Amino acid sequence: MSTLRGTVQGLPEWDRCAVMGVVNVTPDSFSDGGRWFDTTTAVKRGLDLVAEGADLVDVGGESTRPGASRVDESEELRRVIPVVRGLVSEGVAVSVDTMRARVAEQAIAAGAVLVNDVSGGQADPDMVPVVAAAGAPFVVMHWRGFSESMNSRAVYGDVVGEVVDELRARMDAVVAGGIAPERVVFDPGLGFAKDAPHDLALLARLDALHALGRPLLVAASRKRFLGRVLAGEGAAPPPARERDAATAAVSALSARAGAWAVRVHEVRATADAVRVARAIEGAA
Ligand code: PMM
């Protein structure tokens with residue numbers, strides 16, 4: 001299992017699946033929007049996540065929920081950079097969740113150790129050159145377009161095969177742009193241009209994504225497909241905040257399947273899940 005997980009140049013190595021805790025400094029993220037919106041509260045939230053077992057804290061200032069419209073760059077910078085700085089000054093390993101090169105650049109200058117771009121470098125033509133020049137590790141998520149329109153792009157013949165092919169093409173592009181392959185992390189992009197059956201099919205076939213040869217980040221936390229699974233056919237899904245036990249279940253399964261990291265809003269249960277998965281792995 002551990003050989004599957006892999007390592008990311010420029011980041012610490014953990015002997016189990018890592019836990020990335022989420023701090024959304026946004027008024028409108030689908031699952032926790034508005035709760036951590038001012039700098040002090042957001043930094044405190046990040047520190048609480050570390051105390052609960054997060055290895056990395058992912059700071060984002062733009063909601064990517066389906067249908068969301070974009071924030072402008074100055075507002076995103078205003079939201080994100082002070083939080084990055086505050087967490088870095090407390091010794092936290094910070095990842096920045098952004099599609100903008102300028103935000104990534106300033107976050108790296110403020111001490112962020114990982115750039116998490118849900119567009120995999122497609123939204124901003126300056127992103128790949130900026131990440132390459134900084135020598136920063138880079139999350140390449142499977143993405144087919146901005147939130148306004150992504151639901152209409154959830155059309156696949158073979159979702160696993162197409163996601164694998166599209167991620168491979170992104171790898172070629174980012175490597176051609178100067179990012180070292182050893183610094184790339186892949187992410188299947190659950191919920192991004194995907195319906196519940198697509199998300200489930202991808203989770204069932206993490207092995208096919210592993211065949212791409214890079215560490216995997218799985219970000220299932222509170223997503224719509226979990227609401228669908230929990231509600232069953234035809235019923236109303238539970239609200240996002242009632243999907244944390246289901247999220248922890250995905251964390252355990254992903255860790256056992258060799259994921260490098262899981263990205264979650266509620267850290268405590270997932271921190272336990274990845275440790276249990278590690279213990280089982282060690283006993284095999
Ligand atoms: N999902 C969201 C935001 N950032 N980053 C990665 N790498 N993968 C994801 O699936 C992902 C992400 C949307 O969820 P949120 O609004 O609850 O943070």
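Is valine 229 buried, partly exposed or exposed?

## About the model

This is a predicted model, in which local features need pLDDT of at least 70 and side-chain atom pairs count only at pLDDT 80 or more, while totals for chains, interfaces and linings use all residues. Residues are numbered from 1 along each chain as its sequence is written, and side-chain values use heavy atoms, with hydrogens and water left out.

## Helix H9

Valine 229 is partly exposed, because its relative accessible area is 47%, and buried means under 20%, exposed over 50% and partly exposed in between (1.4 Å probe, protein chains only). Valine 229 belongs to helix H9, which covers residues 224-231; helices are DSSP runs of H or I with at least four residues, numbered from the N terminus.

Leucine 226 is also placed in helix H9, but it counts as buried, since its relative accessibility is 5%. Between leucine 226 and alanine 245, which are 19 residues apart in sequence, the C-alpha to C-alpha distance is 10.0 Å.

## Around the ligand

The ligand is surrounded by 17 residues, and the closest are Asp97, Asn116, Asp187, Lys223 and His265; a residue is near a molecule if one of its heavy atoms lies within 4 Å of it.

A polar side-chain atom of asparagine 116 lies 2.7 Å from a ligand nitrogen atom, and a side-chain N or O atom of arginine 263 is 2.8 Å from a ligand oxygen atom, where a polar contact is a pair of N or O atoms within 3.5 Å.

How values were computed:
Polar contact = N/O pair within 3.5 Å; in protein donor to acceptor, adjacent residues only side chain to side chain. Helix = DSSP H or I, 4+ residues; strand = E, 2+ residues; numbered from the N terminus.
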